[in-house]
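Colleague: Could you take me through this one? Please keep it plain.

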Amino acid sequence: MTITPPPTPRRVVFDEPEFGDPKDQEPDDIDFDVSRETTLPKPARTRTLVIANQKGGVGKTTTAVNLATALALGGLSVLVIDLDPQGNASTALGVEHHEGVQGTYEVLTANSPIDSLIKRSPESAGLWVLPATIDLAGAEIGLVSTPARESRLLHALRTFNAKYQPDYVFIDCPPSLGLLTLNALVAADEILIPIQCEYYALEGVSQLLRTINLVKGSMNDHLYLSTVLLTMYDGRTRLASQVAAEVRQHFPAETLRAAIPRSVRVSEAPSYGQSVLTYHSASAGAQAYLDAAAELAERGAHPRQHTGRSA
């Protein structure tokens, strides 16, 4: 089934004030205890989600890191595959990825097994990371003449999943639609798209959905858009509300109820090598990611008609 790209949001009318009532904006810190330790339902089978968006700065890595941590704190086993040469997901999850550390690059270029290279994250006992180093920036050139170059990650992940059967695998992609992202789209069953609540956000989604339709038609028929998450939501602005409404109208079943607010705590956490859940759990951002993870897990325990690819 072809996925229809969403329309570009209309400009807000100029005779209305841009900012609403300041009381509509949630405070960054909240005055009640947030329980990080919850018990979340296990999916019937491993869920492999690629977190992708052509546009940069929409919260892809932040979403991958915090959803993965929230699910792991909920008692589930989670693997994060860092496919971005910048290695930001590795940094945020407290895993070393300096020069000389082996990880995603070796999996793609040398057929190294994933289980020999993953590192446990200090965020949770159930959270593992396949780190990315700057070497990954040269992987696309190195793979150009490699047979089946777009399915290298798929074959490695199939072997890993069959042996360890994790509950969730998150693949964090770079902000481009090159060979690295193509490997992720071929290896995954589901797509999670974070959409920033700003004017240009839906333009990047449209281009991504066109690429997804091409992949579905030739390389991965099991791939489908399962989840949309609104990020950087500012309840004071009419534009954010308008973008959110348009996204929910176009993706009514896929969009999670939880929206991630703009949060200083969420932005600060990676500099300490932590997710916001362990850095500052009593924050609106942490609560929002906990809510989003709980909804994601609930959907996984009661999946709709898509069943994914068999191992």
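**Contacts and burial**

Modeller: Of the contacts in the protein between residues at least 6 apart in sequence, 83% join residues at least 24 apart; contact means heavy atoms within 4.5 Å. This is a predicted model, where local features need pLDDT of at least 70, side-chain atom pairs count only at pLDDT 80 or more, and totals for chains, interfaces and linings use all residues. Residues are numbered from 1 along each chain as its sequence is written, and side-chain values use heavy atoms, with hydrogens and water left out.

Colleague: What share of the 311 residues counts as buried?

Modeller: 54% of them. Buried means under 20% relative accessible area, exposed over 50%, partly exposed in between (1.4 Å probe, protein chains only).

Colleague: And how many helices and strands?

Modeller: The protein has 11 helices and 8 strands. Both are DSSP runs numbered from the N terminus: helices are H or I, at least four residues, and strands are E, at least two.

Colleague: Where is Asn111?

Modeller: Asn111 sits in the loop between helix H3 (104-110) and strand S3 (119-120). Its relative accessible area is 54%, so Asn111 is exposed.

Colleague: What about Gln165?

Modeller: Gln165 is not a glycine either, and its phi is positive, about 50 degrees. Gln165 is in the loop between helix H5 (152-164) and strand S5 (168-172), and is exposed at 59% relative accessible area.
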